[in-house]
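Hi,

Here is the structure I promised to pass on.

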Amino acid sequence: FRLLTPLFQSFTPDQQPILAELITALARRTPVEMTFLLRQICQRGVSSASLRLMRRLLPVFPPHEQEQLRQVIKDASPTS
């Protein structure tokens with residue numbers, strides 16, 4: 001999980017599929033821990049690309065974690 005934080009905060013377009021696959025595998029294996037990690041990462045600040053990736057990966061999480069992540073994404077999104 002420690003190694004995932006810097007990668008998630010700033011990844012290149014060619015790293016995105018690998019990162020998505022990694023997050024998917026971890027979310028299926030340990031959804032609560034992965035949700036916690038993503039919440040922590042978002043509190044530190046993330047790019048709009050990271051928020052889009054999180055939004056795209058919501059379906060791999062159980063419903064309760066999806067709701068938590070939706071709120072985190074909403075709170076982290078820049079206001080228009």
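A quick word on terms before the notes: by contact I mean heavy atoms within 4.5 Å. Also keep in mind that this is a predicted model.

Let me start with Thr35, which is found in helix α3. With a relative accessible area of 1%, Thr35 is buried. If you leave aside its neighbours within four places in sequence, Thr35 is in contact with Phe61, Glu65, Gln68 and Leu69.

Glu65, Gln68 and Leu69 also turn up in the contact between α3 and α5. So how are those two helices arranged? Helix α3 covers residues 31-44 and helix α5 residues 63-76, and they pack at an angle of about 5° with their axes 10 Å apart. Angles under 35 degrees count as roughly parallel, and α3 and α5 are therefore roughly parallel to each other. On the α3 side the contact is made by Pro31, Val32, Thr35, Leu38, Arg39 and Cys42, and on the α5 side by Glu65, Gln68, Leu69, Val72 and Ala76. By type, the residues of this contact divide into seven nonpolar, two polar and two charged.

Next, the core. The largest nonpolar core has 22 residues, and the ones touching the most other members are Phe8, Ile23, Met34, Leu38, Leu53 and Met54. At least two residues each come from α1 (4-9), α2 (16-29), α3, α4 (48-57) and α5. Which helix gives the largest share of this core? That would be α3, with five residues.

Met34 is worth a click while you are there. Not counting residues up to four places away in sequence, Met34 touches Phe1, Leu4, Ile23, Leu26, Ala27 and Phe61.

Ile41 is another one to look up in helix α3. At 0% relative accessibility, Ile41 counts as buried. Beyond residues up to four places away in sequence, Ile41 touches Thr5, Phe8, Gln9 and Val46. Ile41 and Pro6 are 35 residues apart in sequence, yet their C-alpha atoms are 8.8 Å apart in space.

That brings me to Phe8 and the aromatics. How many aromatic pairs does a search of the whole structure find? It finds one. The rings of Phe8 and Phe11 have their centres 6.4 Å apart and their planes at 45°, so the pair is tilted. Phe8 counts as buried at 0% relative accessibility, and Phe11 is buried too, with a relative accessible area of 14%.

Finally, two loop residues. Val60 lies in the loop between α4 and α5 and counts as partly exposed, at 22% relative accessibility. Apart from residues up to four places away in sequence, Val60 touches Thr24, Ala27 and Arg28. From Val60 to Phe1, 59 residues apart in sequence, the C-alpha to C-alpha distance is 18 Å.

Gln15 sits in the loop between α1 and α2 and is partly exposed, with a relative accessible area of 30%. Gln15 touches Leu7 and Ser10, again not counting residues up to four places away in sequence.

Over to you!

Conventions:
Residues are numbered from 1 along each chain as its sequence is written. This is a predicted model: local features need pLDDT of at least 70, side-chain atom pairs count only at pLDDT 80 or more; totals for chains, interfaces and linings use all residues. Side-chain values use heavy atoms; hydrogens and water are left out. Rings of Phe, Tyr and Trp (its six-membered ring) pair if their centres lie within 6.5 Å; planes under 30 degrees apart count as stacked, over 60 as edge-to-face and the rest as tilted. Buried means under 20% relative accessible area, exposed over 50%, partly exposed in between (1.4 Å probe, protein chains only). Axes are lines fitted to C-alpha atoms, for helices over the stretch in contact, and angles run from 0 to 180 degrees between N-to-C directions. Helices (H or I, at least four residues) and strands (E, at least two) are DSSP runs, numbered from the N terminus. Angles under 35 degrees count as roughly parallel, over 145 as roughly antiparallel, 65 to 115 as roughly perpendicular and the rest as oblique. Ala, Val, Leu, Ile, Met, Phe, Trp, Tyr, Cys and Pro count as nonpolar, Asp, Glu, Lys and Arg as charged, and the others, Gly among them, as polar. A nonpolar core is a set of buried Ala, Val, Leu, Ile, Met, Phe, Trp, Tyr and Cys residues joined through side-chain atoms within 4.5 Å.
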